[in-house]
Amino acid sequence: MKTAVSIVFAFVVASAPWSQPWASDDPKRLGQRLDLAAAYVLEGMFDEAHPVLGSFPDKLKKVRGDDHDFSPEAMTARRLALQWTLLDETLNPGKQDPFDLLVDVLAGREWGGGDRDPVSSVLWQKVFARYAKREGYQVVGAYVLRLSSNYFGYVLDPKRSPAPAERAAAAAQNEEVTREIARLEEGAPAPAGTSDVGADRVGATIARLLEAPRLVLFREVPLAPAFKPMGLTEEQEKSRAEELLKAFSLPEGFAPVRAERQGDEAVAIGASQDYDPVGEISRGAYWVIRSHDGGRTWGRPIYTGLRIQSPYVVRRLSNAPLLAGDHLQVEVKVEELDASSITFPPVGLRAKRVQEGLLLQIPFAELERDSDADGLTDLAEERLVTDPLNPDTDADGLLDGSDSLPQVPWTAVMDDRARALGAVLNRISGMKSMAIIHEIPAPGDTLDDLMARARRATLTDERTTFLVADRRDFRSLVTTMRAVVLTAGEFALAEKKFGPVFACHLPLFVLDHEQRRGFVVWDASWVGGSLRLRRSGSEWELETVGDWIT
């Protein structure tokens, strides 16, 4: 049936008055001719495809050298040249390096889609995937097909696409893509980095930790009448709090919300995304630092486990003293984020529950408890998905507090794949600081008000990157920066337990057969991009293909 359809399509296109010979350099007509050749190739009609490709204008067979010309004409010419080369290499292999061609096509997807994207249609995605599989890079073909399947799944949602005809067309195309994915996976070898098919000995521990109930080390009580709320506006509270904070010399990088001194004892509460990668929807979670010499020196930041707007927000000012002997007493309000209001950029956030006049009583002993003496408090271990009763969660001989990959059993056998991942990790970890935070607006706020109060995300020395990836790829990675590596299933459990988490996904990470070049696509929901990699000696050099941020 498919062959018949392709032949009919070929006949209709070939019968057009411009079809033989090339009557014009019109991009639309040239594109239609390449579509015809692609249909021939998919049906194995190579004799019919050869003359179509052979009559393509020579001047359009090569990608133009000026990568900085982004005119519509130049972009379309690049797309046509890539499509012609892809078909020519399918029919006449060996003239072009297959990895470079595949990466060039993937880079072409960064040009804005539509008429600029060389694989924007299912037809071209199938050609691309089959070529990729033939050259031993089926993971690249699968990536493009799954992107397409995800898009069709989006269109098939009646809430997003109310038109029945549009959903029916999407369903048919999605079925075609699903069949192609199955074809791609037939007889495919295991991807690089997965030769060890042994059970993940850390997986069972991670699942147990994520399925355990949350630690609750504080007590919520009503604010006593003696500590009645100050009743200030948002701006008044902010202005007075900033003035009071000027009396404190706090560690560099610590973003204070509130601070207090009583004799030699001092304490400050700050906000950081170190353990809570929530992109642009909040400043992360609250941290505490203590001083026993009146604020001249400070201890290391202590994680509270209190994620901002989940459901609490700490008041900048309060009539209730922050220090109360052996515990903190923190005035808060409930302003629980409605997860269904999250968009990118998050300018329409709303609360699903609001309550004033509450006090959290937090014992210092519980806040600072480190049950297994591994350098991480129990609250930190909960958030980092390490075992608070086992100092070495992954049993690789490194204590969790000093292990940069606490879920990945380390091996001393270093390989190029791990080195390349290390270079990628160093590049993307800094993107968290680019987040511009838009928290839940106050009643009556305009968009201008919201933008005026936007602020950058803050980080301390506890900066941690959360990744959704295959742990086996990281086994020999050496890095000074902590990374929590979870599988997709574990990540789903983490979101269920902690709320929205914008971890970094690596939907595509591929190296060439000689382990000298690579291509990576990364996506953290609110920010992402793609990178070319090239090995120089033992180091990997990275080139940005495209970046995006909401």
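Q: How many of the 20 residues of H4 are buried?
A: This is a predicted model, so the answer is computed from predicted coordinates. A residue counts as buried when its relative accessible area is under 20%. By that cut-off H4 is mostly covered, and the number of its residues that are buried is 18 of 20.

Q: How far apart are the end C-alpha atoms of helix H4?
A: Helix H4 runs over residues 72-91, which makes 20 residues. At 1.5 Å a residue, these should span 28 Å.

Q: Is helix H5 largely enclosed or open?
A: Helix H5 covers residues 98-108, eleven in all. Its buried residues include Phe99, Leu102 and Val105. Because nine of the eleven are buried, the rest of the structure leaves helix H5 largely enclosed.

Q: Which residue caps the N-terminal end of H5?
A: Look for a side-chain oxygen that lies 3.0 Å from the backbone nitrogen of Phe99. The residue that supplies this oxygen, and so caps the N-terminal end of H5, is Asp97.

Q: What pLDDT does the protein average?
A: Of the residues, 88% score at least 70. Over residues 1-7, however, the pLDDT is below 50, and this stretch has six contacts beyond near neighbours in sequence. Residues 9-23 also stay under 50. For the protein, the average pLDDT is 86.

Note on methods. Residues numbered from 1 in each chain as written. Predicted model: local features only at pLDDT ≥ 70, side-chain atom pairs only at ≥ 80, totals over all residues. Heavy atoms only, no water. Helix = DSSP H or I, 4+ residues; strand = E, 2+ residues; numbered from the N terminus. Expected span 1.5 Å × (residues − 1). Buried < 20%, exposed > 50% of the residue type's maximum accessible area, 1.4 Å probe, protein only. Polar contact = N/O pair within 3.5 Å; in protein donor to acceptor, adjacent residues only side chain to side chain. pLDDT = per-residue confidence, 0-100. Contact = heavy atoms within 4.5 Å.
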